Amino acid sequence: MVLGKFAEGFISGEYLLSLKTSLLRIGIGYSLAIILGIFLGLAMGLVKFIDEGVSGILLGLQSMGHAAWVPFAVLFFGENELAVIFIVQISAMIVITLNTESGIKFVSPQLINQARISGIKGVSLFREVVLPAAVPSIITGMRLGWAFSWRGLVTAEILVSGLGIGHILMRAKEQKDMAYVMATMLLIASISIIVDNLIFKNLENSVRRRWGIAK
């Protein structure tokens, strides 16, 4: 029954239309999360007072969960696309920021000292040594951020939006159609796994091979 409902969702075009809407939202929100998260993470990793002032706040915000952002987003933006995109963005940005910060802060001191002995200083030290060494941690943050943003998207579509994959899940629940609920859950999980394996796992493995740490 679940597989039949899964096929029916595609044949009717409902899944394809909803996926188009959901992927557009997550594309915008996740892209913003990468830009803002990496920028803030770099600032926290390089400037001590920014790190001290922001890191604790981010850890507190991360513990709130996706659903806790919904009332704020609805009151601030209204029940519209901006509210959904904001929830997607904030869900991913925090974990990307924290991983970027960790990558910068925990670059090997020996590596930095060797670079300074070689005459590499200032901006060149950051560009040629610190940033490349932090890339594996940044990639891990982006990979985790994707999972967080996908979960945030589904939550937002269930609670805020009248479109998207989350809305299909909510409507199937209201109709007490367990097979369609499970089929939609299967679709949500499949999309996340496909994106993770095709993009992030390959990217992470490529970085690990370049750094000589691949298993």
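Predicted model: local features only at pLDDT ≥ 70, side-chain atom pairs only at ≥ 80, totals over all residues.
View 1. Leaving aside residues up to four places away in sequence, Ile26 touches Ser31, Val88, Trp146, Ser149, Trp150 and Leu153.

**View 2. The largest nonpolar core.** This core has 53 residues, and Ile26, Tyr30, Ile87, Trp146 and Trp150 are those with the most contacts inside it. At least two of its residues come from each of H2 (14-46), H4 (69-77), H5, H6 (109-117), H7 (122-159), H8 (165-174) and H9 (178-210). H5 gives the most, with 13 residues.

**View 3. Helix H5, residues 81-105.** The 25 residues of H5 reach 36 Å from first to last C-alpha, close to the 36 Å expected at 1.5 Å a residue. A kink of about 25° is centred on Met93. At the N-terminal end, Asn80 caps H5, with a side-chain oxygen 3.1 Å from the backbone nitrogen of Leu82. H5 is largely enclosed by the rest of the structure, because 21 of its 25 residues are buried.

**View 4. The aromatic pair of Phe6 and Phe10.** The whole structure holds 14 aromatic pairs. Phe6 and Phe10 form an edge-to-face pair, 5.3 Å centre to centre with 65° between the planes. About one helical turn separates Phe6 and Phe10, because they are four residues apart in helix H1 (residues 2-11). Phe10 is partly exposed, at 29% relative accessible area.

**View 5. The aromatic pair of Phe77 and Phe86.** The ring centres of Phe77 and Phe86 are 5.4 Å apart and the planes lie at 45°, so this pair is tilted. Phe77 counts as partly exposed at 27% relative accessibility, whereas Phe86 counts as buried at 16%. Ring pairs link Phe77 and Phe86 into a cluster with Trp69, Phe72 and Phe76.

How values were computed. Residues numbered from 1 in each chain as written. Heavy atoms only, no water. Expected span 1.5 Å × (residues − 1). Bend = angle between axes of the 7 residues up to and from the residue. Buried < 20%, exposed > 50% of the residue type's maximum accessible area, 1.4 Å probe, protein only. Polar contact = N/O pair within 3.5 Å; in protein donor to acceptor, adjacent residues only side chain to side chain. Core = buried A, V, L, I, M, F, W, Y, C linked by side-chain atoms within 4.5 Å. Contact = heavy atoms within 4.5 Å. Phe/Tyr/Trp six-rings, centres within 6.5 Å; stacked < 30°, edge-to-face > 60°.
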